[in-house]
Amino acid sequence: MPATKQVIVIGAGLAGLAAATQLTQAGVGVRVLERAGEPGGRVATDHVEGFRLDRGFQVLLPAYPEFRRLVRPARLGLRGFTRGALVREDGGMRLLAGPWHGPGAVRGVARLAGQRPGDVFALARLSVRDAALPASALGRGDDHTVAEELRGRFSAETVETVLRPFVAGVFLDPDLMTSARLFHLIWRSFVLGGAAVPELGMRALPQLLADRLPPGTVETGQEVAELGDHDVRLTSGETVSADAVVVATDGTTAARLLPEIEPPAWHAVTTWYYRVARPPCSAPTLALDGTGALPLNSLVLSQAAPTYAPPGASLVQASVPGVADSAGDLEPTVRERLAVLYDTDTRGWDLLATYPIEHALPALPPGTPLRRPVRVRRGRYVCGDHRDTPSIQGALVSGRRAAQAVLADLGPR
């Protein structure tokens, strides 16, 4: 590739960083223009009073193939969660996890097997099937909603008390109108590798990708106003020429810069973080409210990653799909449900931060292609999780695809 070839990547989120990585490895000159003060996009971590607060309930599935292609997991110091969940039902709390997690897990699964043995068998069969099949096979075939998929496999009681609160937290979709094909792909990654967070917060992933680029590649505080026919115009007044432009912003911003593409619909989430003196749960286990009061999920993050809290304190996270008109008005209800969920007094818990995130995850209803074009026209390309599956995996894959399209159009070396 001639050394004079220059590519502008707009956005230093995961997709933009993946595209820049592929392009620089091919010997192309790259400038990544990021509006914010640091790389990461929607993957970010704030530092508040010694705590690490990820914006939204963001977790990493280490079995994502593209993640493993780009990153050595050991570089992030991943801290895993229990491969299971604590579920609050009208009859009390039960731990649904493998028997190696101790007597509580044995009792929880045995109780479910005694009440609904068909559901235990169906859950095992689903997990074995999705783990054994290649991802390409899970992404093909007829499509329908997750709600229809679960109703066809499990009893209504298990769907409502166990699966709905879990799946609603994953896709931020309490109505379960998400594509069943996406459900199987994500379930496969959960089964194969569980979920985890980097010991220094989710921001560590984009920072690692940015640090591997040539110094000066990522330029923060650079907001793009519009795209010209052969250049990029910044709000600062600067005009930058390039042989190709990759728009790696969120889907709404991408549609503004590239009117040829449709903006995605979005799922929202509101997350609350609490400082507590003693952890209400001794294990890093996702807790689900299966009573139907709120599609609430919670986790004692510091039990998974002690680096998320200062010495002598614990960090509890709680998330609810959707953005409340006033998150502050909903907080007392969330605190009340957490008291029930963990069977503890939450009145002394100190609220550290509230994050209502309107554009948290692109929606993917049934019938939507799992992979959409990244080449808009020659010289203009787009990537992000709105072009692939709405996930970290999708963002990373879309970045690589966009870079490959750029390299194909720029020509051979």
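R31, E219 and E238 are linked in a network of salt bridges. A salt bridge here is a side-chain nitrogen of Lys or Arg within 4 Å of a carboxyl oxygen of Asp or Glu. Before going on, the ground rules. This is a predicted model, where local features need pLDDT of at least 70, side-chain atom pairs count only at pLDDT 80 or more, and totals for chains, interfaces and linings use all residues. Residues are numbered from 1 along each chain as its sequence is written, and side-chain values use heavy atoms, with hydrogens and water left out.

E238 forms a salt bridge with R31, and the closest N and O atoms are 3.9 Å apart. This pair links distant parts of the chain: E238 is in the loop between β11 and β12, R31 is in strand β2 (residues 29-34), and 207 residues separate them. Helices (H or I, at least four residues) and strands (E, at least two) are DSSP runs, numbered from the N terminus. E238 has a relative accessible area of 33%, so it is partly exposed. R31 has 23% and therefore also counts as partly exposed.

How many salt bridges are there by this rule? The count comes to 26. Another one is E49 with R275, whose closest N and O atoms are 2.3 Å apart. Again the pair links distant parts of the chain: E49 is in the loop between β3 (45-48) and β4 (51-54), R275 is in strand β14, and they are 226 residues apart. E49 is exposed because its relative accessible area is 54%, whereas R275, at 24%, is partly exposed.

E226 counts as partly exposed at 41% relative accessibility, and R233 does so at 33%.

An open sheet of three strands has the order β10-β11-β12, and the pairing is antiparallel. Two strands pair if DSSP finds at least two bridges between them. The edge strands are β10 (224-227) and β12 (239-241), each of which pairs on one side only. Neighbouring strands of this sheet are turned by 25° against each other on average, direction ignored; the axes are lines fitted to C-alpha atoms, for helices over the stretch in contact, and angles run from 0 to 180 degrees between N-to-C directions. Strand β11 (residues 231-234) pairs with β12 over three bridges in the antiparallel sense. D231 has S241 in β12 as its bridge partner.

Next, strand β16 (residues 297-300). N297 and L299 point one way from β16, S298 and V300 point the other way, and all are buried. In a regular strand the side chains alternate between the two faces of the sheet. Strand β15 (residues 286-289) is joined to β16 by two bridges, and the two run antiparallel. The bridge partner of L288 in β16 is N297. Four bridges join β16 to strand β17 (residues 314-321), also antiparallel. Here V300 stands opposite V316 in β17.

Now the aromatics. Rings of Phe, Tyr and Trp (its six-membered ring) pair if their centres lie within 6.5 Å; planes under 30 degrees apart count as stacked, over 60 as edge-to-face and the rest as tilted. A search of the whole structure finds six aromatic pairs. One of them is Y273 with Y355, edge-to-face, at 6.0 Å centre to centre and 80° between the planes. Y273 lies in strand β14 (residues 266-276) and Y355 in strand β18 (residues 350-362), 82 residues apart, and the pair links distant parts of the chain. Both Y273 and Y355 are buried. Elsewhere, F166, F183, W187 and F190 form one aromatic cluster.

Last, a pocket. On a 1 Å grid over the protein atoms alone, a pocket is an open set of points where a 1.4 Å probe fits, with protein on both sides within 12 Å along at least five of seven lines; lining residues have an atom within 4 Å of a point. The second largest pocket has a volume of about 430 Å³, a volume being the space filled by probe spheres set on the points, which are joined across faces, edges and corners. Its lining has 20 residues, of which A135, L185, R371, T389 and Q393 lie nearest the centre. Which helix gives the largest share of the lining? That is α8, with five residues. Helices α2 (65-70), α5 (135-138), α8 (180-193) and α13 (392-410) each supply at least two residues of this lining.

Methods:
Buried < 20%, exposed > 50% of the residue type's maximum accessible area, 1.4 Å probe, protein only.
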